[in-house]
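Have the structure open while you read.

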Amino acid sequence: MKPFLRLALTTATLPLFLVLPAQAAGLPGAPAPFDKGGAKIALISYISAGDFFQAYQAGAEAQAKALGVDLRVFPGRQNASEQREQILQAINLGVDGIVIDHGLPESLGDVVEQALSKNIKVVAFDVNLNNPKIPQVEQSDHRLAELALDKAIKDNGTAFKAGYVYVAGFAPLDRRNEVWEKVKAANPGIEQKAHFGSVSDTTAATTADQAKAALQANPDITVVFAPYDEFARGVKLALADLGRSDAVKIYSADVSTADIQEITEAGSPWVATAATNPAVVGAVSIRAVALQIAGQPVPPRIVVEPLLITQDELRAAGVQTVEDLARKIPAFSTSAAVTADWIPAAAF
Ligand code: SR1
């Protein structure tokens, strides 16, 4: 067979998920099925591109490895029908549990019901499936927005012209938006002059184009609230293009090593972000579904608390990477949420 044909055939028959090698032996003393090893869990994401989602997946993989779990990772491509299809595939694979990472609730309800009816345990991260059988993991998005906006007010006072980056329909962004609306109502001097944003596989680039137009049309904007790191990156790009990086300050959510570099570089307008460690959130999601599979109790709402991270503090402490950040603030890399003494810590 010609090599290109062999490659085409191989690619065409590849499954739509990745399998991580499971730990052969089980965990002595753990409840079934973890005592024997080989429990199967699917991680089904709506978005996989971008630092947050890659770190979230890495944390989930690390926790799965520590638990001896056979983790099937289904990549997300912002495609609701593909995500439905992946849930059906996971059901057919006979998984014990599914973690659903983001998504559009209206397209997931019936397939998730099918999983539950087959006694597959389901945990949702950042998607409201409104089902009491499905624990919800979140980063305390209200607190996250409060931390970023308190800092914006501390730096800029209670009267400024703002740009706001928001796309409705994503649970974490909707929750952060509730806080933004409250802050504007409590501070009538804060005037939202422009609202833009887009979530796609090119979020930062698309947001940059939109930000450029918004900032050109509203040269009096001095603060941008961009509560997703891809949004903040887009606004920062737009300001650099316009030569206005010294005139506007950006307040965001999320953190990654690439974000830390962008925040701390000379002249950066990105002055603060409120964030959890996404790897911890990934690990917590796997622990939640593992506890459910083991028949142990899981609270309906599982929260990983965020921290405020400022440009000044990062620069003063010489923090250049997420690992540096974890060394300076040990709480950044741990969460006591949903654990048990039989669950080994994830190494990340
Ligand atoms: C499109 S939603 C993006 C957000 O999801 C996660 O909650 C991250 O914090 C990110 O900001």
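**Notes on cavities, pockets and the ligand**

1. The second largest pocket has a lining of 13 residues, and those nearest its centre are Arg-287, Ser-333, Thr-334, Ala-345 and Ala-346. A pocket here is an open set of points on a 1 Å grid over the protein atoms alone, with protein on both sides within 12 Å along at least five of seven lines, and lining residues have an atom within 4 Å of a point. The space in this second largest pocket is about 190 Å³, where a volume is the space filled by probe spheres set on the points, and grid points are joined across faces, edges and corners. The helix α10 supplies the largest share of its lining, 3 residues. Its lining residues comprise 7 nonpolar, 5 polar and 1 charged.

2. A word on the ground rules. This is a predicted model, in which local features need pLDDT of at least 70 and side-chain atom pairs count only at pLDDT 80 or more, while totals for chains, interfaces and linings use all residues. Residues are numbered from 1 along each chain as its sequence is written, and side-chain values use heavy atoms, with hydrogens and water left out. Helices (H or I, at least four residues) and strands (E, at least two) are DSSP runs, numbered from the N terminus. For the class counts, Ala, Val, Leu, Ile, Met, Phe, Trp, Tyr, Cys and Pro are nonpolar, Asp, Glu, Lys and Arg are charged, and the others, Gly among them, are polar.

3. The largest pocket comes to about 270 Å³. It has 14 lining residues, and Ala-55, Asn-277, Ala-279, Val-322 and Glu-323 are the closest to its centre. At least two lining residues come from each of α2, α10 (278-293) and α12 (322-328). The split by class is 8 nonpolar, 4 polar and 2 charged.

4. A cavity is a set of grid points where a 1.4 Å probe fits but cannot get out, and the whole structure holds 2 cavities of 30 Å³ or more. Two or more lining residues come from each of α2 and α6, with α6 giving the most, 3 residues. The lining divides into 8 nonpolar, 2 polar and 3 charged residues.

5. What takes up the space of the largest cavity? The ligand does, on the criterion that more than half of a molecule's atoms lie within 2 Å of the grid points. A shell of 14 residues surrounds the ligand, the closest being His-102, Asp-126, Gln-139, Arg-176 and Asp-254; a residue counts as near if one of its heavy atoms lies within 4 Å. By class, this shell has 9 nonpolar, 2 polar and 3 charged residues.

6. The polar contacts (pairs of N or O atoms within 3.5 Å) deserve a look. Asp-254 has a side-chain N or O atom 2.6 Å from an oxygen atom of the ligand. For Gln-139, a polar side-chain atom is 2.8 Å from a ligand oxygen, and for Arg-176 the distance to a ligand oxygen is 2.8 Å. The ligand on its own has 320 Å² of accessible area, and the protein covers 100% of it (Shrake-Rupley method, 1.4 Å probe). Elements with two or more residues in the shell are α2 (51-67) and α6 (171-186), and α6 contributes the most, 3 residues.

7. The second largest cavity has a volume of about 30 Å³. Its lining is made up of Leu-43, Ser-45, Ile-47, Ser-48, Phe-53, Tyr-56, Gln-57 and Asp-101. Both β2 (40-45) and α2 give two or more of these residues, and α2 has the largest share with 3.

8. Finally, two backbone details to check. Most residues other than glycine have a negative phi, and most peptide bonds are trans. His-102, in the loop between β4 (97-101) and α4 (109-117), has a positive phi near 60°. The peptide bond from Ala-32 to Pro-33 is cis, with omega near 5°, and Pro-33 sits in the loop between β1 (18-19) and β2.

Technical notes
A polar contact is a pair of N or O atoms within 3.5 Å; within protein, one must be able to donate a hydrogen and the other to accept it, and residues adjacent in sequence count only if both atoms are side-chain atoms.
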